[in-house]
Amino acid sequence: MTTVSTSAFPAASDSTAVRELEILASFAVPSLPVVVRFMRESDCALLEWHGGIDLRSWYRRQWDAHQAHEICVLVADWNDFPVGQIAIHWRGKPTHPHIPDLQSLRVLGAFGRMSIGSRLLECAERVVVERGFNQITLAVGTQNPRAHALYERLGYHVIGEPYDDEWHYIDARGQDCAACEVVIDMVKELMMKSE
Ligand SMILES: CC(C)(COP(=O)(O)OP(=O)(O)OC[C@H]1O[C@@H](n2cnc3c(N)ncnc32)[C@H](O)[C@@H]1OP(=O)(O)O)[C@@H](O)C(=O)NCCC(=O)NCCS
């Protein structure tokens with residue numbers, strides 16, 4: 001005989017819990033397109049869905065660098081809200097400053113696995129090709145096999161050895177915070193327009 005525990009279900013007398021299980025309305029939300037566009041100043045606050053107020057000054061610095069053309073930030077916009085982002089760092093990394101480096105790729109959880117990350121990568125690659133580069137790099141955490149698999153599927157391959165990647169930000173209390181991750185670089189050969 002199978003015994004089913006009823007502890008997960010509300011007791012008949014518990015009217016509050018019963019109400020929480022009720023469906024109060026059911027309706028379809030019209031589908032809206034996701035567009036990939038360049039970052040706007042108004043995105044700074046909205047991008048705090050990742051990191052919250054502690055990354056406020058970090059997003060501000062990202063916007064300043066975007067405006068100064070040191071980096072190029074693309075966002076995936078859904079209903080005027082940036083649900084994803086990626087940043088092209090034109091001067092790359094100290095180990096390969098001549099190759100643009102992709103950083104800060106992330107997609108809001110509820111919008112995951114809808115190809116938004118792939119589209120952001122493709123658009124970033126297009127922007128890089130238009131600027132005349134035929135290679136692009138990125139770093140992936142050695143503890144992030146799913147992102148690694150995504151990059152391999154899109155044509156990136158590992159170069160070099162794992163290393164500690166440390167970055168800093170000033171949190172909401174004005175403290176200098178450091179975040180560190182073991183990463184490995186990946187590179188992709190890009191097809192130039194005339195090829
Ligand atoms: C990695 C990430 C940008 C992918 O965005 P996405 O829009 O879900 O990607 P796509 O829909 O184009 O592709 C889905 C693939 O992304 C990878 N992926 C899915 N969820 C992931 C997660 N939580 N973390 C890392 N990679 C993930 C998988 O390879 C997945 O393929 P699968 O569905 O066959 O498993 C997104 O999951 C994310 O923001 N992750 C957290 C931050 C991160 O890891 N950034 C990468 C830093 S190198």
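Tutor: Two residues are in contact if their C-beta atoms, placed from the backbone, lie within 7 Å. Among contacts in this protein between residues at least 6 apart in sequence, 60% join residues at least 24 apart. The model is a predicted one: local features need pLDDT of at least 70 and side-chain atom pairs count only at pLDDT 80 or more, while totals for chains, interfaces and linings use all residues. Residues are numbered from 1 along each chain as its sequence is written.

Student: How many helices and strands are there in the protein?

Tutor: The protein has five helices and seven strands. From the N terminus on, the elements follow the order α-β-α-α-β-β-β-α-β-α-β-β.

Student: Why does Asn79 count as exposed?

Tutor: A residue is exposed if 12 or fewer other C-beta atoms, placed from the backbone, lie within 10 Å of its own, buried if there are 20 or more, and partly exposed in between. Asn79 has 9 such neighbours, so the residue counts as exposed. Asn79 is found in the loop between S2 and S3, and its phi is near 55 degrees, a positive value in a residue other than glycine.

Student: Why is Asn134 called partly exposed, and which residues are in contact with it?

Tutor: Asn134 has 13 C-beta neighbours inside 10 Å, and therefore counts as partly exposed. The residue lies in the loop between H4 and S5. Leaving aside neighbours within four places in sequence, Asn134 is in contact with Glu189, Leu190 and Met192. Asn134 and Lys188 are 54 residues apart in sequence, but 8.5 Å apart in space from C-alpha to C-alpha.

Student: Why is S5 described as largely enclosed?

Tutor: Five of the seven residues of S5 are buried, so the rest of the structure largely encloses this strand. In the protein as a whole, buried residues make up 21% of the 195 residues.

Student: What makes a set of residues a nonpolar core, and which residues have the most contacts inside the largest one?

Tutor: A nonpolar core is a set of buried Ala, Val, Leu, Ile, Met, Phe, Trp, Tyr and Cys residues joined through C-beta atoms within 7 Å. The largest core here has 23 residues, and Leu74, Ile86, Leu102, Leu120, Ala124 and Leu138 have the most contacts inside it. Strand S2 (71-78), strand S3 (81-89), S4, H4 and S5 each give two or more residues to this core. S2 gives the most, with five residues. Beyond its neighbours within four places in sequence, Leu120 is in contact with Val36, Leu74, Ala76, Gly84, Ile86 and Leu105. Apart from this core lies another of five residues, among them Cys44, Leu47, Trp58 and Tyr59.

Student: Why do S1 and S6 stand at the edges of the sheet?

Tutor: Two strands pair if DSSP finds at least two bridges between them. The open sheet of seven strands has the order S1-S2-S3-S4-S5-S7-S6, with mixed pairing. Strand S1 (34-38) and strand S6 (157-170) each have a single partner strand, so one side of each is left without a neighbour in the sheet.

Student: How do you know that S4 and S5 pair?

Tutor: S4 and S5 share two bridges, in the parallel sense; the requirement is at least two, so they pair. Asp101 stands opposite Thr137 in S5. S3 and S4 pair in the antiparallel sense over five bridges, and Ile88 stands opposite Leu102 in S4. H4 packs on the sheet, touching S1, S2, S3, S4 and S5.

Student: Which residues come nearest to the ligand?

Tutor: A residue is near a molecule if its C-beta atom, placed from the backbone, lies within 6 Å of it. Of the 17 residues around the ligand, Arg106, Gly117, Ser118, Arg146 and Leu150 come nearest. Strand S4 (101-107), helix H4 (116-130), strand S5 (135-141) and helix H5 (145-153) each supply at least two residues of this shell. H5 gives the most, with four residues.

How values were computed: Axes are lines fitted to C-alpha atoms, for helices over the stretch in contact, and angles run from 0 to 180 degrees between N-to-C directions.
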